[in-house]
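This report goes through one protein model, starting from a single side-chain contact and moving out to the whole chain. Please keep the structure in view while reading.

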Amino acid sequence: MLDVVLNLGVLALDAYTAFSNDEDDSALASVLGVGGALAIGAGTLIYELLSDEERKDGDDDDDEIVNLLIGRLNVAKVCVSLWAHCCLADGEFTQEEDEMTDSMIGSLFADDSLFPEEITNQDFVLEKLIETFNDPLPMKVVIEFADGNPKLAANFYEEACIIFAADGTVGTDEKNFLDDLADEFSISRMDKKSIERKYLKLASA
(Lines give C-alpha, C1' and ligand atoms only; values in the text may rest on other atoms or scores of the structure.)
Protein backbone atom coordinates (compact mmCIF):
# COMPACT_ATOMS: atom_id res chain seq x y z
CA MET A 1 0.00 0.00 0.00
CA LEU A 2 3.00 2.27 0.48
CA ASP A 3 3.44 2.43 -3.29
CA VAL A 4 -0.13 3.68 -3.61
CA VAL A 5 0.45 6.37 -0.98
CA LEU A 6 3.62 7.50 -2.73
CA ASN A 7 1.51 8.09 -5.84
CA LEU A 8 0.18 11.13 -4.01
CA GLY A 9 3.41 12.95 -4.79
CA VAL A 10 2.97 12.32 -8.50
CA LEU A 11 -0.68 13.36 -8.32
CA ALA A 12 0.24 16.56 -6.46
CA LEU A 13 2.63 17.44 -9.29
CA ASP A 14 -0.18 16.68 -11.74
CA ALA A 15 -2.45 18.99 -9.73
CA TYR A 16 0.12 21.76 -9.99
CA THR A 17 0.38 21.14 -13.73
CA ALA A 18 -3.39 21.11 -14.16
CA PHE A 19 -3.68 24.43 -12.37
CA SER A 20 -0.64 26.07 -13.94
CA ASN A 21 -1.84 25.32 -17.46
CA ASP A 22 -4.01 28.42 -17.10
CA GLU A 23 -1.71 30.43 -14.82
CA ASP A 24 1.88 31.61 -14.99
CA ASP A 25 4.16 31.15 -12.00
CA SER A 26 3.78 34.74 -10.82
CA ALA A 27 -0.01 34.32 -10.76
CA LEU A 28 0.34 31.02 -8.94
CA ALA A 29 2.54 32.75 -6.41
CA SER A 30 -0.39 34.97 -5.45
CA VAL A 31 -2.79 32.08 -4.78
CA LEU A 32 -4.07 31.87 -1.19
CA GLY A 33 -2.80 35.30 -0.29
CA VAL A 34 0.92 34.96 -1.01
CA GLY A 35 1.71 37.89 -3.30
CA GLY A 36 3.96 37.33 -6.30
CA ALA A 37 5.58 40.69 -5.56
CA LEU A 38 6.59 39.27 -2.18
CA ALA A 39 8.72 36.67 -3.90
CA ILE A 40 10.45 39.26 -6.04
CA GLY A 41 12.97 40.94 -3.78
CA ALA A 42 11.90 39.33 -0.51
CA GLY A 43 15.40 38.21 0.47
CA THR A 44 14.38 36.23 3.53
CA LEU A 45 11.79 34.23 1.61
CA ILE A 46 14.24 33.54 -1.18
CA TYR A 47 16.80 32.37 1.36
CA GLU A 48 14.33 30.07 3.12
CA LEU A 49 12.86 28.45 0.01
CA LEU A 50 15.98 27.81 -2.02
CA SER A 51 18.33 24.87 -1.57
CA ASP A 52 21.90 25.53 -0.43
CA GLU A 53 23.06 24.86 -3.98
CA GLU A 54 20.71 27.45 -5.45
CA ARG A 55 21.68 30.03 -2.82
CA LYS A 56 25.36 29.59 -3.58
CA ASP A 57 24.81 29.88 -7.33
CA GLY A 58 23.18 33.29 -7.00
CA ASP A 59 21.82 33.07 -10.54
CA ASP A 60 19.69 35.77 -12.09
CA ASP A 61 16.81 33.32 -12.31
CA ASP A 62 16.43 33.04 -8.51
CA ASP A 63 13.23 35.12 -8.61
CA GLU A 64 11.76 32.79 -11.21
CA ILE A 65 12.62 29.71 -9.15
CA VAL A 66 11.21 31.25 -5.97
CA ASN A 67 7.95 32.12 -7.70
CA LEU A 68 7.78 28.57 -9.02
CA LEU A 69 8.35 27.18 -5.51
CA ILE A 70 5.75 29.51 -3.97
CA GLY A 71 3.24 28.44 -6.59
CA ARG A 72 4.00 24.80 -5.89
CA LEU A 73 3.85 25.38 -2.14
CA ASN A 74 0.40 26.92 -2.48
CA VAL A 75 -0.87 23.96 -4.52
CA ALA A 76 0.74 21.57 -2.04
CA LYS A 77 -1.02 23.33 0.85
CA VAL A 78 -4.37 22.70 -0.87
CA CYS A 79 -3.48 19.04 -1.43
CA VAL A 80 -2.28 18.54 2.14
CA SER A 81 -5.40 20.26 3.49
CA LEU A 82 -7.54 17.83 1.50
CA TRP A 83 -5.52 14.92 2.90
CA ALA A 84 -6.00 16.19 6.45
CA HIS A 85 -9.76 16.45 6.02
CA CYS A 86 -9.82 12.92 4.56
CA CYS A 87 -7.89 11.53 7.52
CA LEU A 88 -10.43 13.05 9.90
CA ALA A 89 -13.51 12.12 7.89
CA ASP A 90 -14.48 9.39 10.35
CA GLY A 91 -13.94 11.65 13.35
CA GLU A 92 -10.69 10.08 14.56
CA PHE A 93 -7.02 10.17 13.66
CA THR A 94 -5.42 6.79 14.30
CA GLN A 95 -1.76 5.95 14.87
CA GLU A 96 -1.76 4.19 11.53
CA GLU A 97 -3.01 7.33 9.82
CA ASP A 98 -0.42 9.39 11.68
CA GLU A 99 2.35 7.17 10.36
CA MET A 100 0.83 7.23 6.89
CA THR A 101 0.87 11.04 6.98
CA ASP A 102 4.66 11.00 7.05
CA SER A 103 4.72 9.00 3.83
CA MET A 104 2.02 11.16 2.26
CA ILE A 105 3.84 14.42 2.87
CA GLY A 106 7.21 12.81 2.16
CA SER A 107 5.95 11.86 -1.31
CA LEU A 108 6.05 15.55 -2.24
CA PHE A 109 9.85 15.60 -2.02
CA ALA A 110 10.74 12.90 -4.52
CA ASP A 111 12.77 13.88 -7.58
CA ASP A 112 9.67 13.57 -9.77
CA SER A 113 7.39 15.55 -7.47
CA LEU A 114 6.89 19.16 -6.40
CA PHE A 115 9.99 19.87 -4.33
CA PRO A 116 13.16 18.24 -5.70
CA GLU A 117 16.21 18.53 -3.49
CA GLU A 118 18.34 20.37 -6.02
CA ILE A 119 16.25 23.56 -5.87
CA THR A 120 14.29 23.29 -2.61
CA ASN A 121 15.06 23.87 1.04
CA GLN A 122 13.11 20.73 1.88
CA ASP A 123 13.26 21.18 5.67
CA PHE A 124 11.60 24.61 5.41
CA VAL A 125 8.87 23.41 3.04
CA LEU A 126 8.27 20.28 5.13
CA GLU A 127 7.72 22.44 8.21
CA LYS A 128 5.16 24.56 6.34
CA LEU A 129 3.29 21.50 5.08
CA ILE A 130 3.16 19.86 8.51
CA GLU A 131 1.74 23.11 9.86
CA THR A 132 -0.86 23.00 7.10
CA PHE A 133 -1.79 19.40 7.86
CA ASN A 134 -2.29 20.26 11.53
CA ASP A 135 -4.30 23.38 10.65
CA PRO A 136 -5.73 22.68 7.19
CA LEU A 137 -7.40 25.15 4.88
CA PRO A 138 -11.22 24.86 4.97
CA MET A 139 -12.74 22.39 2.53
CA LYS A 140 -14.50 25.35 0.92
CA VAL A 141 -11.09 26.67 -0.15
CA VAL A 142 -10.12 23.27 -1.58
CA ILE A 143 -13.40 23.05 -3.53
CA GLU A 144 -13.12 26.60 -4.84
CA PHE A 145 -9.51 26.02 -5.88
CA ALA A 146 -10.64 23.30 -8.31
CA ASP A 147 -13.73 25.19 -9.49
CA GLY A 148 -13.89 25.28 -13.28
CA ASN A 149 -11.01 22.84 -13.69
CA PRO A 150 -12.42 19.31 -14.19
CA LYS A 151 -8.96 17.76 -14.49
CA LEU A 152 -7.87 19.23 -11.18
CA ALA A 153 -11.12 18.21 -9.50
CA ALA A 154 -10.73 14.62 -10.71
CA ASN A 155 -7.12 14.68 -9.52
CA PHE A 156 -8.18 15.76 -6.02
CA TYR A 157 -10.86 13.07 -5.94
CA GLU A 158 -8.26 10.48 -6.87
CA GLU A 159 -6.06 11.68 -4.00
CA ALA A 160 -8.96 11.27 -1.57
CA CYS A 161 -9.61 7.72 -2.77
CA ILE A 162 -5.94 6.81 -2.29
CA ILE A 163 -6.03 7.99 1.32
CA PHE A 164 -9.21 6.13 2.15
CA ALA A 165 -7.88 2.95 0.56
CA ALA A 166 -4.49 3.16 2.26
CA ASP A 167 -5.51 1.56 5.56
CA GLY A 168 -7.43 -1.22 3.81
CA THR A 169 -10.92 -0.18 4.93
CA VAL A 170 -13.47 2.36 3.77
CA GLY A 171 -16.16 2.98 6.36
CA THR A 172 -19.58 4.57 6.02
CA ASP A 173 -18.40 8.03 7.06
CA GLU A 174 -15.61 7.88 4.52
CA LYS A 175 -17.94 6.72 1.75
CA ASN A 176 -20.29 9.59 2.58
CA PHE A 177 -17.35 12.00 2.50
CA LEU A 178 -16.39 10.75 -0.96
CA ASP A 179 -19.96 11.03 -2.25
CA ASP A 180 -20.18 14.62 -1.00
CA LEU A 181 -16.76 15.41 -2.42
CA ALA A 182 -17.73 14.07 -5.84
CA ASP A 183 -20.84 16.26 -5.79
CA GLU A 184 -18.86 19.34 -4.77
CA PHE A 185 -16.27 18.69 -7.48
CA SER A 186 -19.00 17.92 -10.05
CA ILE A 187 -17.36 14.58 -10.83
CA SER A 188 -19.43 12.64 -13.35
CA ARG A 189 -20.87 9.31 -12.26
CA MET A 190 -18.71 7.53 -14.84
CA ASP A 191 -15.49 9.24 -13.72
CA LYS A 192 -16.35 8.65 -10.08
CA LYS A 193 -16.76 4.92 -10.63
CA SER A 194 -13.62 4.72 -12.73
CA ILE A 195 -11.47 6.40 -10.06
CA GLU A 196 -12.99 4.33 -7.26
CA ARG A 197 -12.43 1.08 -9.17
CA LYS A 198 -8.76 2.02 -9.52
CA TYR A 199 -8.16 2.44 -5.80
CA LEU A 200 -11.07 1.40 -3.61
CA LYS A 201 -11.02 -2.15 -4.94
CA LEU A 202 -7.96 -2.53 -2.73
CA ALA A 203 -10.02 -1.75 0.36
CA SER A 204 -13.18 -3.14 1.87
CA ALA A 205 -15.80 -1.72 4.20
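## A charge over a ring

Arg72 places its charged end over the ring of Tyr16, 4.9 Å from the ring centre. A charge sits over a ring when NZ of Lys or CZ of Arg is within 6 Å of the ring centre and within 35 degrees of the ring normal.

## Basis of the values

The model is predicted, so local features need pLDDT of at least 70 and side-chain atom pairs count only at pLDDT 80 or more, while totals for chains, interfaces and linings use all residues. Residues are numbered from 1 along each chain as its sequence is written, and side-chain values use heavy atoms, leaving out hydrogens and water.

## The chain as a whole

The chain has 12 helices and zero strands. Both are DSSP runs numbered from the N terminus (helices: H or I, at least four residues; strands: E, at least two). Of its 205 residues, 49% count as buried; buried means under 20% relative accessible area, exposed over 50%, and partly exposed in between, with a 1.4 Å probe and protein chains only.

Among contacts (heavy atoms within 4.5 Å) between residues at least 6 apart in sequence, 76% join residues at least 24 apart.

## Aromatic pairs

The whole structure contains four aromatic pairs. Rings of Phe, Tyr and Trp (its six-membered ring) pair if their centres lie within 6.5 Å; planes under 30 degrees apart are stacked, over 60 edge-to-face, and the rest tilted. One of the pairs is Phe145 with Phe156, which is stacked, at 6.4 Å centre to centre and 25° between the planes. Phe145 belongs to helix H9 (residues 139-145) and Phe156 to helix H10 (residues 150-166), 11 residues apart. Phe145 is buried at a relative accessible area of 9%, and Phe156 is buried at 0%.

Phe156 also pairs with Phe185; this pair is tilted, with 6.1 Å between centres and 45° between the planes. Phe185 lies in the loop between helix H11 (172-184) and helix H12 (189-199), whereas Phe156 is in H10, so the pair ties together parts that are 29 residues apart in sequence. Phe145, Phe156 and Phe185 form one aromatic cluster.

## The nonpolar core

A nonpolar core is a set of buried Ala, Val, Leu, Ile, Met, Phe, Trp, Tyr and Cys residues joined through side-chain atoms within 4.5 Å. The largest one has 64 residues, and those with the most contacts inside it include Trp83, Leu108, Phe156 and Phe185. Among the elements giving two or more residues to this core are helix H1 (2-20), helix H6 (62-87) and helix H7 (95-106). H6 gives the most, with 16 residues.

What does Leu108 touch? Leaving out residues up to four places away in sequence, its contacts include Gly9, Ala12, Val80, Trp83 and Leu129.

## Cysteines and Glu144

The structure holds zero disulfides, a disulfide being a pair of cysteine sulfur atoms within 2.5 Å. For Cys87, the nearest cysteine sulfur is that of Cys86, 6.9 Å away. Cys87 is buried, with a relative accessible area of 1%, and Cys79 is buried at 0%.

Glu144 is in helix H9 and is partly exposed, with a relative accessible area of 48%. Glu144 and Glu184 are 40 residues apart along the chain, and their C-alpha atoms are separated by 9.3 Å.
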